[in-house]
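Me: I am new to this structure and would like to learn how to read it. Could you walk me through a few features?

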Amino acid sequence: MSVSDHPVRRVAVIGAGTIGASWAALFLSRGLDVVVSDPAPGAAEATQRLISAAWPILMELGGEGAIDPTSWRFEADPVKAVAGVDFVQENAPERYELKQKLFPAIDAVLPPQVVIASSSSGLLVSRIAEGCRHPERCIIGHPFNPPHLIPLVEVVGGEKASRAAIATAMDFYRAMGKHPIEIRKEVAGHVANRLQAALWREAIHLVEQGVVSVADVDAAVCEGPGLRWALMGQHMTFHLGGGQGGLAHFMHHLLPAVETWWDDLGTPNMTPELQARLVEGVTAEAAGRSIAELAQRRDTLLTQIVALKHAHDAVEEKQDLSDRLDEALEESFPASDPVAVHRAD
C-alpha cells in the first residue's frame with residue numbers, strides 16, 4: 001500500500017457529534033470538499049449550527065479555503081458518504097461493537113490507499129480494525145476537544161497499520177494546521193488522556209481527603225502550572241526549572257522530594273457520595289454560568305492563545321530563515337572579501 005503521496009482533497013466525516021462537526025468545520029475552512037454522515041435525526045441541522053458557530057474563529061485563525069460555511073454535503077449512509085473520498089475521519093460513539101461494524105463496511109468500498117482514521121479517545125485501533133480487508137490503512141487520529149481549535153492530534157498505528165498510512169495521516173493533519181504526534185505503542189487512552197486521568201485522580205483524591213475544594217483544586221491548575229503547560233510540556237518545564245543545569249540539575253536537586261510526593265499520591269474510591277460532592281463543587285464553581293457560556297469563554301481564550309502562539313512561531317520561523325540566508329551569504333562572500341551582495345530584509 002502506497003499512500004504517502006496520495007493528495008487529500010475530499011474528506012468524509014463519519015459521525016457528526018461535537019467532535020465530528022468540529023472536524024468538519026476545520027476541514028471546510030481549509031478548502032477541502034467535505035461530506036458528513038450521521039444516522040441521527042436532525043444531524044445535518046445540528047452539524048450546520050456547530051460549523052456556523054465555529055466559522056468566525058476559524059476565519060480569525062487564518063481559514064484559507066471555503067468562504068461559505070454551508071458548502072458541505074450531508075449523506076446519512078456512511079457507505080455512500082465515503083464514495084470517492086481521499087481520507088475518512090470517523091467519530092462514531094466510543095464502543096467497540098459499533099466501530100467494529102462500521103470500519104469493515106466502509107473499508108469494503110474504499111480503494112486501499114485511502115486512510116481511515118478514528119477519533120477514538122481511548123480504544124485500540126487493532127481491535128477496531130478487526131474484520132477489515134485492509135487493516136493496514138486503519139489508524140487512530142485522536143483530536144483534543146474542540147478539534148477545530150486544539151492543535152494536538154494523537155496518531156496511533158497499532159499492530160497492522162503501514163508506515164505509509166501513518167505518514168499520510170501525519171502529513172494530512174499537519175497540512176490542516178494541527179500538531180500530530182505519533183504514539184508508537186497502543187495503550188488504552190493513548191497519551192494525553194492518560195495524563196489528564198492521572199492529574200484528575202489526584203485532584204479528586206485531594207478533594208476526598210478534605211485538603212482543598214473543587215474550585216480551588218481547579219484554580220491550582222489553571223492559575224498555576226496550567227499556564228506554563230500551554231507553552232511547554234512537563235519535561236521542558238522542569239528543564240527550565242533546573243536553571244543553567246537544566247533537567248539534570250532539577251532531578252539532582254528535587255527528584256528525591258518528588259519521589260516522596262509520588263509515594264503519597266492517592267487512588268480515590270469513587271462512591272456515589274464523592275461523585276455528588278464533585279458535581280456540587282463544580283456547580284458552585286460555575287457560579288450560574290451555563291455550559292454554552294463556559295464553552296464560549298473557553299473557546300475565546302483558546303483562540304487568543306493559539307493565535308498568539310502562531311504569531312510567535314511565525315516570527316521565529318522568519319528569523320530562522322533570515323539566519324540561514326545570512327549563513328549562506330557568508331559562505332558565498334566571506335567577511336575577508338568585500339561584500340558585493342546585500343540581502344534586503
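Me: How many disulfides does the structure hold?

Reply: A disulfide is a pair of cysteine sulfur atoms within 2.5 Å. Here there are 0 disulfides. Please note that this is a predicted model, where local features need pLDDT of at least 70 and side-chain atom pairs count only at pLDDT 80 or more, while totals for chains, interfaces and linings use all residues. Residues are numbered from 1 along each chain as its sequence is written, and side-chain values use heavy atoms, leaving out hydrogens and water.

Me: Is cysteine 132 buried or exposed?

Reply: Buried means under 20% relative accessible area, exposed over 50%, and partly exposed in between (1.4 Å probe, protein chains only). Cysteine 132 is buried, at 11%, whereas cysteine 222 is partly exposed, at 43%.

Me: Which residues have the most contacts inside the largest nonpolar core?

Reply: In soluble globular proteins, nonpolar side chains tend to be buried together. A nonpolar core is a set of buried Ala, Val, Leu, Ile, Met, Phe, Trp, Tyr and Cys residues joined through side-chain atoms within 4.5 Å. The largest one here has 32 residues, and Phe27, Val34, Phe87, Ile139, Val155, Phe172 and Tyr173 have the most contacts inside it. A second, separate core of 24 residues includes Ala12, Ile14, Ile116 and Leu123.
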